[in-house]
Amino acid sequence: MPSANIQVSETPLVLYALRRADDALVLGHRLSEWCGHAPMLEEDMALSNIALDLIGQARELYSYAAKAEGKDNDEDKLAYLRDVRQYRNLLLVEQPNGDFAQTLVRQFFYSAFADLYWRAMMASRDTTLAAIAAKSEKESAYHLRHASEWIIRLGDGTDESHARAQAAIDHLWAFTGEMFEVDEGERGLIHAGVAVDPASLRGRWLTTLSDIASEATLELPQNGWMQQGGRVGRHSEHLGHLLSELQSMQRTFPGQTW
Amino acid sequence: MYTQALNTAETGDHGLEDAGKAAQFQARIDAEERIEPNDWMPAAYRKTLTRQISQHAHSEIVGMLPEGNWITRAPTLRRKAALLAKVQDECGHGLYLYAAAETLGTSREELVDAMLAGKAKYSSIFNYPTLTWADIGTIGWLVDGAAIMNQIPLCRCSYGPYARAMIRVCKEESFHQRQGYEIMLTLCRGSDEQKAMAQDALNRWWWPVLMMFGPPDATSQHSDTSTRWKIKRFSNDELRQKFVDATVPQAQYLGLTIPDPGMTQDADGHWRYSEIDWTEFKQVLAGNGPCNRDRMAARRKAHDEGAWVREAAAAYAAKRAQRQTAQAAE
């Protein structure tokens, strides 16, 4: 019996696009879980908006991965027919929403990185990636502004919001190291001017975080042990549940047009 | 989304008010002028509109839940994005409508509190569950279709802020309706299993959607005042008939069967539907629909769990204002 999962030939370029697509889709999915349940209507709107941007980014990146692979995969096959071990997203983005503070700290850590990353990627020698970067950078800048404002409000709001924001930072910090790691395949893309080295952005990322945390009267943890594995499909237990929901229709009714 | 069923007017206190002003007010309405927030208006007009607009707003917000139920399970990325954008639009309608209601002098917080306390109604249609993906298509096609039937005349409502809100809302709703119909068309052109899914959804939603237009004219109360004030321009049965006449050919095009074996077309081309089970309508209205408790519980949970966030935002805003005042004093 053939496998229900598709096989993907992960050349460095395909893998590169898949990793960013998975980041965007998984985070967009997480944010979409808030829709209808946020603390205020304005945040139902804002979180849905950010989710829509991210799902849009995911679609472009999946389509590009499919094109780069050159087989008969497409955005939906890549999103809906790969299992947890084939997903390549950061562990950070698959972490559950938790409370509003945890969602916003996760967003803040990611957007502070994505904003710098996509801006740098606008200079990519790969014109498709440069175009995706140009669009994503504009969106990420807004996502970062939105998250930063909330970090400040929560940190410098009430005792309860401060405690929740600090707890979220302490909890999610260990998932931030992975954003700056690259493997050999990606190193090749960096040398070729297709990708940028995320490690080169870490200093500025940390400055953004420190500035906002200080205004929010919050503390960043001292660098400790960092979790890794998402980029090679070694995920937390949370991702499988997310995928079982995300993929339920395609798994229940294989091969249909929707 | 909105239901005609919520269209009931307050009556009674005109005697206490200035008869001259009331006559002038009615003359303006008769001349199709728009009433604006700062204009004089009878207390009952204000009360009727506050109730109607806020219940419309509550309906938009509660209406996010049945469709939101499928955002995380939409079958393709395109459908996922479209559904999320749609539910976000409903939220936008809710916000816009709360703002319109606030122009009549009641705050959004008070209006929301009344809903959460079970004192204000929202559209009963959202007390039905979304069981399959076809329900998302059916809601867009029929529920939004019924809402449009009701809201198009509201674009000419005598109260300016409500009428203007409706113009924008109608544009988005008609887009949603086409989107819903397109989901249905895709299902009906798909596998037997998909077509059965579409038929099953139509079977479950048809009668509740007809009930969205409210009780039959013979039993409907208060509509005279709403009509005189040009809040309501068509009766429940008129709008229901318009909806049925528009929808039957659409179902035929899809190859679906309206679950009403007694339906016939009369000599004038109108599709005459069978008797509606108003017992069910009353039960759902009384809180006994399949999802009444779940919907209220979900809204209360979001409100309660969000309290600390709203408090934090308010506390921060107060601190900031205080710092700015202190800085200015230096």
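1. At what angle do helix H7 and helix H8 of chain B pack, and how far apart are their axes? In this predicted model, H7 (residues 160-188) and H8 (residues 192-211) of chain B pack at an angle of about 140°, and their axes lie 7 Å apart.

2. Sorted by class, the contact of H7(B) with H8(B) comprises four nonpolar residues, one polar residue and one charged residue.

3. Turning to the pockets, the largest pocket holds about 320 Å³ of space, and its lining is made up of 16 residues, with A:Pro39, B:Arg108, B:Val112, B:His303 and B:Arg310 lying nearest its centre. Helix H5 (108-116) and helix H12 (292-305) of chain B each supply at least two residues of that lining, and H5(B) gives the most, with six residues. By class, the lining of the largest pocket divides into 10 nonpolar, one polar and five charged residues.

4. For the second largest pocket the volume is about 280 Å³, and of the 15 residues that line it, A:Trp34, A:His37, B:Lys301, B:Ala302 and B:Glu305 are the closest to its centre. Here H12(B) provides the largest share of the lining, namely four residues, while the lining residues of the second largest pocket divide into seven nonpolar, three polar and five charged.

5. Finally, the contact between the chains takes 48 residues from chain A and 45 residues from chain B. The area buried between chain A and chain B is about 4,100 Å², and carbon and sulfur atoms give 68% of that area. On the side of chain A, the residues that lose the most area to chain B are A:Leu41, A:Met45 and A:Trp258, which together account for 18% of what that side buries.

Methods. Residues numbered from 1 in each chain as written. Chains lettered and ligands numbered in written order. Predicted model: local features only at pLDDT ≥ 70, side-chain atom pairs only at ≥ 80, totals over all residues. Heavy atoms only, no water. Axes fitted to C-alpha atoms, helices over the stretch in contact; angles between N-to-C directions. Nonpolar A, V, L, I, M, F, W, Y, C, P; charged D, E, K, R; others polar. 1 Å grid on protein atoms, 1.4 Å probe; cavity = no way out; pocket = protein on both sides within 12 Å on 5 of 7 lines; lining within 4 Å. Points joined across faces, edges and corners; volume = space filled by probe spheres on them. Contact = heavy atoms within 4.5 Å. Buried area = accessible area lost by both parts, 1.4 Å probe.
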